[in-house]
Amino acid sequence: MKIETLGVVGAGTMGNGIAQSAAVSGHNVVLVDINDAALAKGMATLTASLDRLVAKGKLAAAAREGALARIETSTDYARLAAADLIIEAAAEDFGLKTRIFKQVESVVRPEAILASNTSSISITALGATLADPSRFIGMHFFNPVPLMPLVEIIRGLRTGATTAETVRELTVQLGKSPISVKNSPGFVVNRILVPMINEAFYVLAENVATAEEIDAGLHLGANHPLGPLALADLIGLDVCLSVMDVFLNDFGDSKYRACPLLRELVAAGHLGRKTGQGVYRYD
Ligand code: NAD
């Protein structure tokens with residue numbers, strides 16, 4: 001099956017990035033959100049990102065125009081009827097996502113593929129709420145989408161082989177590098193990355209070294225572009241904490257216990273760059 005038109009539900013951080021990558025790679029995009037303000041904000045971010053690429057000489061001005069011309073925005077789910085693949089990138093809430101997929105199912109063609117960009121919700125469980133789980137799959141993009149090459153393609157228990165193959169081919173057409181992953185909490189990257197960040201908070205709490213020294217250690221000794229505590233500030237400490245809580249609950253294994261210092265910082269509202277204070281201060 002050839003994917004020509006992509007539907008994207010949610011024009012936030014991830015949705016506008018997915019829409020941008022799809023439009024730049026020559027796909028038509030229908031971008032849906034709940035109100036015009038959310039769509040305008042998403043399109044402003046997307047346009048600014050395209051402008052930066054043009055300014056750096058990484059994108060031709062004509063390609064920018066072409067990409068923008070291929071994007072239609074709407075608050076009406078019925079516009080998704082034209083899409084061959086719909087990627088949901090709304091807030092991380094199981095109830096919200098199931099309501100969105102019910103609406104999407106009622107307007108799209110029976111052969112259209114439905115995907116979620118969820119970071120932590122079970123693809124098998126989401127798929128089970130659909131009339132046809134074989135056409136449902138996880139597509140986990142990374143932030144910022146236009147710059148990050150990886151997409152984890154997550155097969156739920158009832159995801160069809162054709163669905164997985166079609167989505168893999170599309171991911172390559174988007175200029176991204178896919179890895180195939182079986183549904184499991186945190187998939188591959190966050191399963192490894194977030195417990196490492198959590199361990200850095202334990203090391204900090206035990207005064208083994210200062211935050212700067214812990215980050216310098218991983219930067220200079222393991223070649224990580226960013227130390228784990230600086231990375232936590234970028235991701236959001238609240239996001240890191242909720243991922244650890246999902247692991248603890250879903251695996252039932254105490255090795256995923258969130259560091260009390262991480263929980264304390266979140267309780268204080270020190271969520272990282274987005275609040276101006278996390279492990280570090282941002283003025
Ligand atoms: P966000 O808050 O930036 O954007 C969510 C958007 O969805 C908002 O514009 C909101 O108005 C819209 N929305 C809410 N309800 C809707 C509805 N019923 N119909 C249509 N649109 C609706 O969120 P985000 O950071 O882009 O995250 C989106 C998804 O991607 C989440 O599932 C998240 O876990 C996942 N994710 C996020 C990141 C990240 O780094 N931010 C990385 C990978 C995956």
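Is Tyr256 buried or exposed? With a relative accessible area of 5%, Tyr256 is buried (buried means under 20% relative accessible area, exposed over 50% and partly exposed in between, with a 1.4 Å probe and protein chains only). The model here is a predicted one, where local features need pLDDT of at least 70 and side-chain atom pairs count only at pLDDT 80 or more, while totals for chains, interfaces and linings use all residues. Residues are numbered from 1 along each chain as its sequence is written, and side-chain values use heavy atoms, with hydrogens and water left out.

Now for the aromatic rings. Searching the whole structure turns up 4 aromatic pairs (rings of Phe, Tyr and Trp, the last by its six-membered ring, pair if their centres lie within 6.5 Å; planes under 30 degrees apart count as stacked, over 60 as edge-to-face and the rest as tilted). Phe101 and Phe136 have ring centres 5.1 Å apart and planes at 80°, so they make an edge-to-face pair. This pair ties together distant parts of the chain, since Phe101 sits in helix α4 and Phe136 in strand β6, 35 residues apart (helices, H or I with at least four residues, and strands, E with at least two, are DSSP runs numbered from the N terminus). Both Phe101 and Phe136 are buried. Tyr256 pairs with Phe247: their ring centres are 5.4 Å apart and their planes at 65°, so this pair is edge-to-face. Phe247 counts as buried, at 1% relative accessibility. Together with Phe251, Phe247 and Tyr256 form one aromatic cluster.

The largest pocket has a volume of about 1600 Å³ (on a 1 Å grid over the protein atoms alone, a pocket is an open set of points where a 1.4 Å probe fits, with protein on both sides within 12 Å along at least five of seven lines; lining residues have an atom within 4 Å of a point). Its lining has 49 residues, and the closest to its centre are Thr13, Met14, Ser119, Asn143 and Val239. Among the elements supplying at least two lining residues each are α4 (94–107) and β6 (136–141). By class, this lining has 28 nonpolar, 15 polar and 6 charged residues (Ala, Val, Leu, Ile, Met, Phe, Trp, Tyr, Cys and Pro count as nonpolar, Asp, Glu, Lys and Arg as charged, and the others, Gly among them, as polar).

The second largest pocket holds about 290 Å³ of space. Of its 16 lining residues, Ser49, Arg52, Pro144, Pro146 and Leu147 are the closest to its centre. Helix α2 gives the most to this lining, with 5 residues.

Terms used
Grid points are joined across faces, edges and corners, and a volume is the space filled by probe spheres set on the points.
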